[in-house]
Amino acid sequence: WIEESSDKGGARRIETATLHYGNTRVHARVRANFTKWHTMTLSWKPGRITVKLDGRRWADFRHHIPSSPMHLVMQTNTGTNGFTGVMPNASTPRLVALQVDYVAVYRYG
């Protein structure tokens, strides 16, 4: 499913995780105050991808989990990206920024 953020980035209260695999897209979203710093964690194990916000699980993907290598993307959209209803509109602030303090990728096993 694709859920529309009611604030289009203005209040920064919703974050979305999307698993892209072939032609498949699986989405999950979490509500929090994203004007403040948080810790996001993604764990990928055989048959499961878990996403946590500040240590609390908010997404648990168990279908369409790839066994081939993947890569991490942190993305802010400024266009429609082929979808409607989920991208910026006239109420979106002129400047929207994503600040990342630290990223680490580990391989287990």
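What follows is a conversation about how some terms are applied to this predicted model.

Colleague: What makes E3, E4 and E5 a sheet, and in what order do the strands lie?

Modeller: The strands form an open sheet in the order E3-E4-E5, with antiparallel pairing. Two strands pair if there are at least two bridges between them. E3 and E4 are joined by 6 bridges, and E4 and E5 by 5 bridges, so both pairs meet the requirement of at least two.

Colleague: Which strands are at the edges?

Modeller: Strand E3 (40–45) and E5 are the edge strands, since each pairs on one side only. On average, neighbouring strands of this sheet are turned by 20° against each other, direction ignored.

Colleague: Which residues stand opposite each other across the sheet?

Modeller: Leucine 42 stands opposite valine 51 in E4. Valine 51 also has a bridge partner in E5, alanine 59. Another pair is lysine 52 with arginine 57 in E5.

Colleague: Why is threonine 50 called buried?

Modeller: Its relative accessible area is 11%. Buried means under 20%, so threonine 50 counts as buried. Threonine 50 is in strand E4. Not counting residues up to four places away in sequence, threonine 50 touches Thr41, Leu42, Ser43, Arg57, Ala59 and Asp60.

Colleague: How do you know that the side chain of threonine 50 makes polar contacts?

Modeller: The distance limit for a pair of N or O atoms is 3.5 Å. The side chain of threonine 50 is paired with the side chain of aspartate 60 at 3.0 Å, and with the side chain of arginine 48 at 3.5 Å. Both are listed as polar contacts.

Colleague: What makes arginine 48 and aspartate 60 a salt bridge?

Modeller: The closest N and O atoms of arginine 48 and aspartate 60 are 2.8 Å apart. The rule asks for a side-chain nitrogen of Lys or Arg within 4 Å of a carboxyl oxygen of Asp or Glu, so this pair is a salt bridge. The pair links distant parts of the chain, with arginine 48 in strand E4 and aspartate 60 in strand E5, 12 residues apart.

Colleague: How many salt bridges are there by this rule?

Modeller: The count is 2. Arginine 62 also forms a salt bridge with aspartate 60, and the closest N and O atoms there are 3.0 Å apart. Salt bridges that share partners join Arg48, Asp60 and Arg62 into one network.

Colleague: Why is the phi of aspartate 54 pointed out?

Modeller: Most residues other than glycine have a negative phi. The phi of aspartate 54 is near 50°, a positive value in a residue other than glycine. Aspartate 54 is in the loop between E4 and E5, and the hairpin of these strands has 2 residues between them. At 43% relative accessible area, aspartate 54 is partly exposed.

Colleague: Which other residues have a positive phi?

Modeller: Histidine 64 is one of them, with a phi of about 60° although it is not a glycine. Histidine 64 is found in the segment after E5 and counts as partly exposed at 44% relative accessibility. Glycine 47, in the hairpin of E3 and E4, takes a positive phi near 80°.

Colleague: Why is isoleucine 65 called buried?

Modeller: Isoleucine 65 has a relative accessible area of 17%. This is under the 20% cut-off, so the term buried applies. Isoleucine 65 is in the segment after E5. Leaving aside neighbours within four places in sequence, isoleucine 65 is in contact with Leu19, Trp44, Lys45, Gly47, Arg48 and Ile49. The C-alpha atoms of isoleucine 65 and lysine 45 are separated by 8.9 Å, while the two residues are 20 residues apart along the chain.

Colleague: What makes a group of residues a nonpolar core, and how many residues does the largest one have?

Modeller: Its members must be buried nonpolar residues joined through side-chain atoms within 4.5 Å. The largest such core has 13 residues, and Val51, Leu53, Trp58, Ala59 and Phe61 have the most contacts inside it. Strands E1 (14–21), E2 (24–31), E4 (48–53) and E5 (56–61) each give two or more residues to this core.

Definitions and conventions: Residues are numbered from 1 along each chain as its sequence is written. This is a predicted model: local features need pLDDT of at least 70, side-chain atom pairs count only at pLDDT 80 or more; totals for chains, interfaces and linings use all residues. Side-chain values use heavy atoms; hydrogens and water are left out. Buried means under 20% relative accessible area, exposed over 50%, partly exposed in between (1.4 Å probe, protein chains only). Helices (H or I, at least four residues) and strands (E, at least two) are DSSP runs, numbered from the N terminus. Contact means heavy atoms within 4.5 Å. Axes are lines fitted to C-alpha atoms, for helices over the stretch in contact, and angles run from 0 to 180 degrees between N-to-C directions. A polar contact is a pair of N or O atoms within 3.5 Å; within protein, one must be able to donate a hydrogen and the other to accept it, and residues adjacent in sequence count only if both atoms are side-chain atoms.
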